[in-house]
Amino acid sequence: MSGPILEVKNLAAFYGPIQALFGLDFEVEDGGVTALLGANGAGKTTALRALSGLVRREGEIRLRGMPIGALSTEAIARLGVAHVPDGRGTFTDLTVEENLRLGAYVRSERAEIRKDFDRVFSYFPRLAERRRQQAGTLSGGEQQMLAISRALLMRPSLLMLDEPSFGLAPLVVEEIFRILAAINRDEGVSMLIVEQNASLALDLADRAVLIETGRAAISGPSQALRADDAVRRAYLGY
Amino acid sequence: MSEFLHQLASGLALGGVYAILALALVMIYQATQLVNFAQGEMAMFSTYFAWKLMDSGWPYWRAFAATVVVSFFGGLIIERVVVRPFAKAPVLASIIVFIGLVLIFNALAGWLYGYSIQEFESPFSGRPWFGNVYMSAHESGAVVVSLCVLALVYGFFRFTPLGLAMRAAAQNPTSSRLVGIRVGWMLAIGWGLAAAIGAVAGMMAAPIVYLDPNMMGGVLLYAFAGAVLGGIDNPFGAAFGGFAVGVLENLVGAYVVGDEVKLSVALAIIVGVLVWRPSGLFGRRLVARV
């Protein structure tokens with residue numbers, strides 16, 4: 001780990017005139033995983049949207065030291081920030097393969113792209129079986145796999161995941177988190193993950209931030225949050 | 001019988017024109033859920049541009065190619081300058097913009113080129129093709145050109161990365177931006193392509209309906225009827241609908257209502273489809289879960 005890949009200072013976000021985030025600070029270490037935890041409506045999804053420039057935001061956002069707070073969504077994506085949005089963002093009318101090709105849209109090295117196709121198919125063999133199928137007909141878990149794969153085809157340096165466990169069966173969730181851990185470990189892709197399932201997220205993450213009504217309530221190493229009594233009672237449930 | 005076949009065949013020729021103009025309408029509709037009422041006038045203006053080039057001595061196909069290219073950039077610029085600022089405005093604002101474009105192009109053409117009817121040269125002249133006595137050479141040529149345009153557009157959207165990105169941008173703009181697609185530009189390119197296709201439609205229609213600033217009014221109405229008939233969210237359906245309307249218009253005009261009121265056939269088709277099958281023959285029925 002060599003310094004943070006993402007530094008966020010005093011992040012504020014707005015939906016029209018309504019402010020949803022009030023000065024959030026956190027970092028993602030290079031090769032590390034940071035989890036954003038919190039209850040419904042705390043502002044976790046908004047934080048990711050603010051980082052991607054999907055909502056109006058203020059504050060300092062630096063990717064490898066470079067300020068990206070004023071860039072457009074597509075410019076940020078082109079810098080290697082892959083955002084897997086809530087609801088998975090599937091192109092439902094396109095085939096699985098076309099969805100994946102869109103992930104590699106801004107890249108031109110054909111041989112490398114082909115290798116990355118093989119790579120994601122080795123993580124998620126089910127997608128390979130369903131290559132020609134219309135993406136909207138996939139199950140929820142398969143669509144989540146597709147969304148992660150599409151993001152991986154961007155060859156991201158930072159992968160932002162918005163509730164990858166949402167609405168999925170426990171076994172599928174387990175599988176997806178196992179693969180995310182492998183991707184982080186084997187390929188060194190840094191991750192920023194938003195989760196309601198705090199226990200799962202803390203297993204994967206090395207750092208975590210607990211957001212309450214648009215503010216960071218607690219932040220620090222995952223171990224520390226896991227040990228924190230308030231976190232344990234409210235979010236881990238034991 | 002031969003009279004019937006003749007009507008059928010020339011219906012196909014104009015139907016091809018309706019089909020590609022319908023395709024242009026669908027292209028913009030898919031991305032914005034708006035029908036560009038100015039598509040016809042833009043095509044008319046392009047056709048005048050081609051006519052002017054030929055008038056100054058350019059050979060047909062060179063003028064044709066130049067017009068298609070210039071129309072592409074013209075459409076692109078119109079989107080960037082006139083349509084874009086209203087992207088977030090209510091639907092009615094966009095419709096007013098389209099009507100404004102109709103008036104502007106119509107008046108501009110009249111001012112620049114006059115309102116008198118001009119002949120427009122056809123590249124396909126001489127004897128009918130393949131001994132097809134039911135169609136003039138131009139009618140056969142127009143059908144072939146229309147089919148070529150349809151094939152090219154299909155190939156573009158199906159097999160090129162840019163075509164895929166445009167489909168993606170129309171379908172899910174947010175996800176598209178998240179993979180780095182410049183969605184705003186995709187829309188501008190869509191307008192450019194629609195204008196280029198429209199230019200072809202205009203140049204194929206002009207030898208049949210003659211060139212004047214109001215030449216595309218009826219043509220656009222038929223194209224719209226075709227798009228609605230086939231399903232306005234389905235390019236294949238719209239193209240099919242265009243051909244169907246061309247044939248229907250000609251047959252009904254010749255045998256049922258007469259030439260004078262045959263434009264109302266288009267209206268009847270639009271109303272009929274909207275009443276009995278709002279999504280068109282091939283359109284997707286949208287069902288909202290509340």
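Colleague: Strand E6 (residues 81-84) and E7(A): in which sense do they pair, and over how many bridges?

Modeller: Two strands count as paired if DSSP finds at least two bridges between them. Here E6 of chain A and E7(A) run in the parallel sense, with four bridges. Val84(A), for one, has Leu161(A) as its bridge partner in E7(A). Strands (E, at least two residues) and helices (H or I, at least four) are DSSP runs numbered from the N terminus. Bear in mind that this is a predicted model: local features need pLDDT of at least 70, side-chain atom pairs count only at pLDDT 80 or more, and totals for chains, interfaces and linings use all residues. Residues are numbered from 1 along each chain as its sequence is written, while chains are lettered from A and ligands numbered from 1 in the order in which they are written.

Colleague: Which strand do five bridges join to E7(A)?

Modeller: That's strand E8 (residues 190-195) of chain A, which runs parallel to E7(A). Leu159(A) stands opposite Met191(A) there.

Colleague: How do I read the faces of a strand, and which residues of E7(A) lie on each side?

Modeller: In a regular strand the side chains alternate between the two faces of the sheet. In E7(A), Leu158(A), Met160(A) and Asp162(A) are on one side, Leu159(A) and Leu161(A) on the other, and all are buried. A residue is buried if 20 or more other C-beta atoms lie within 10 Å of its own, exposed if 12 or fewer, and partly exposed in between, with C-beta atoms placed from the backbone. Five of the five residues of E7 (residues 158-162) are buried, so the strand is largely enclosed by the rest of the structure.

Colleague: What about chain A as a whole?

Modeller: Its secondary structure comes to 10 helices and 10 strands, and 47% of its 238 residues count as buried. For overall shape, compare the radius of gyration, taken over C-alpha atoms, with the globule rule of 2.2 Å times the number of residues to the power 0.38. A compact globule of 238 residues would be near 18 Å, and chain A agrees because it has 17 Å.

Colleague: How many residues of chain A are in contact with chain B?

Modeller: Contact means C-beta atoms, placed from the backbone, within 7 Å. By that rule, 20 residues of chain A are in contact with 15 residues of chain B. Helix H2 (73-78) and helix H3 (96-103) of chain A each supply at least two residues of that side of chain A.

Colleague: And which buried residues of chain B pack against H3 of chain A?

Modeller: Those of H6(B), which also pack against H1 (2-32), H5 (137-159), H7 (173-178) and H8 (183-209) of chain B. Among the buried residues of H6 (residues 161-171) are Leu164(B), Met166(B) and Arg167(B).

Colleague: How do I check a helix such as H9 (residues 216-230) of chain B?

Modeller: The expected span is 1.5 Å times one less than the number of residues. The 15 residues of H9 of chain B should span 21 Å, and the end C-alpha atoms are 20 Å apart, which agrees. Since 13 of the 15 residues are buried, H9(B) is largely enclosed by the rest of the structure. Gly231(B), with a positive phi near 115°, follows H9(B).

Colleague: Where does Phe240(B) lie?

Modeller: Phe240(B) is in helix H10 (residues 235-255) of chain B. With 22 C-beta neighbours inside 10 Å, Phe240(B) counts as buried. Leaving aside neighbours within four places in sequence, Phe240(B) is in contact with Gly230(B) and Phe282(B).

Technical notes:
Contact = placed C-beta atoms within 7 Å.
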